Amino acid sequence: ERLGNRVIARSDDAKWNGVGVGDLNDLIPDHPLAQRQIGFYVDVPMSVPFAANDGHLRGLAVRELYDRLAGYASLSFDTGPNPEHEAFDSVGIRVPGDLRFGDEAMLFHERGWSIDLSTGRMRHDLRRLLPIPRDEE
């Protein structure tokens, strides 16, 4: 349900009936899910209530296609307080023995943080983009 190799965005505007297409063949033709590789399209219809023109619809379709091809690993943890801390930092994390992440250090991007003023604990929320694995020949 989540994956697709072509997104077709249609305008819902009664006065203008535009269409924009995001096709993986055009964007990443060697991707293992591209129609050129698997022999068929996996179409994802997209309804857009407001769009300026066909180019706008195509941009929305391309963004939706990229979103459908990506996955994320999320990680949250608590530390002591650090009031000078900045969000959106790159953080190297190593989680020994955790099968979800493996034993190697990985680069995460911090999506946000918060401080509990009653306990003084700081909560970090991290996310890492996971590419869809490609079988090597």
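Glu64 has a relative accessible area of 23%, so this residue counts as partly exposed (buried is under 20%, exposed over 50%, partly exposed in between, with a 1.4 Å probe and protein chains only). Its side chain meets that of Arg68 in a salt bridge, 2.8 Å from N to O. This is a predicted model, where local features need pLDDT of at least 70, side-chain atom pairs count only at pLDDT 80 or more, and totals for chains, interfaces and linings use all residues. Residues are numbered from 1 along each chain as its sequence is written, and side-chain values use heavy atoms, with hydrogens and water left out.

**Confidence**
- Mean pLDDT for the protein chain comes out at 81, and 80% of its residues reach 70 or more; pLDDT is the predictor's confidence in each residue, from 0 to 100.
- Over residues 133-137 pLDDT stays under 50, and the model has two contacts there beyond four places in sequence (a contact is heavy atoms within 4.5 Å).
- Where pLDDT is low, predicted coordinates should not be read in detail.

**Salt bridges**
- There are three salt bridges in the structure, each being a side-chain nitrogen of Lys or Arg within 4 Å of a carboxyl oxygen of Asp or Glu.
- Asp43 pairs with Arg6, with the closest N and O atoms 2.6 Å apart.
- Since Asp43 sits in strand β3 (residues 43-48) and Arg6 in strand β1 (residues 6-11), this pair ties together parts that are 37 residues apart in sequence. Helices (H or I, at least four residues) and strands (E, at least two) are DSSP runs, numbered from the N terminus.
- Asp43 is partly exposed at 38% relative accessible area, while Arg6 is buried at 19%.
- Glu64 and Arg68 both belong to helix α3, four residues apart, or about one turn of the helix; Arg68 has a relative accessible area of 17%, so Arg68 is buried.
- Asp78 and Arg123 bring their side chains together in a salt bridge too, at 3.1 Å from N to O.
- With Asp78 in strand β4 (residues 71-79) and Arg123 in strand β7 (residues 122-130), the pair ties together parts that are 45 residues apart in sequence.
- Asp78 is partly exposed at 40%, and Arg123 is partly exposed at 34%.

**Nonpolar cores**
- The largest nonpolar core has 13 residues, and those with the most contacts inside it include Val7, Leu24, Met46 and Leu57. A nonpolar core here is a set of buried Ala, Val, Leu, Ile, Met, Phe, Trp, Tyr and Cys residues joined through side-chain atoms within 4.5 Å.
- β1, β3 and α3 each put at least two residues into this core, with the largest share, five residues, coming from α3.
- Leaving aside neighbours within four places in sequence, Met46 touches Val7, Ile8, Ala9, Arg10, Leu60, Ala61 and Glu64.
- Another core lies apart from the largest one and has six residues, among them Ala73, Leu75, Ile93 and Leu126.

**Around Asp54**
- Asp54 lies in helix α3, which covers residues 54-69, and is partly exposed at 41% relative accessibility.
- Beyond its neighbours within four places in sequence, Asp54 is in contact with Trp16, Gly18, Val19 and Gly20.
- A polar atom of the Asp54 side chain lies 3.3 Å from the backbone nitrogen of Val19.
- Asp54 and Arg10 are 44 residues apart in sequence, with 9.0 Å between their C-alpha atoms.

Technical notes: Polar contact = N/O pair within 3.5 Å; in protein donor to acceptor, adjacent residues only side chain to side chain.
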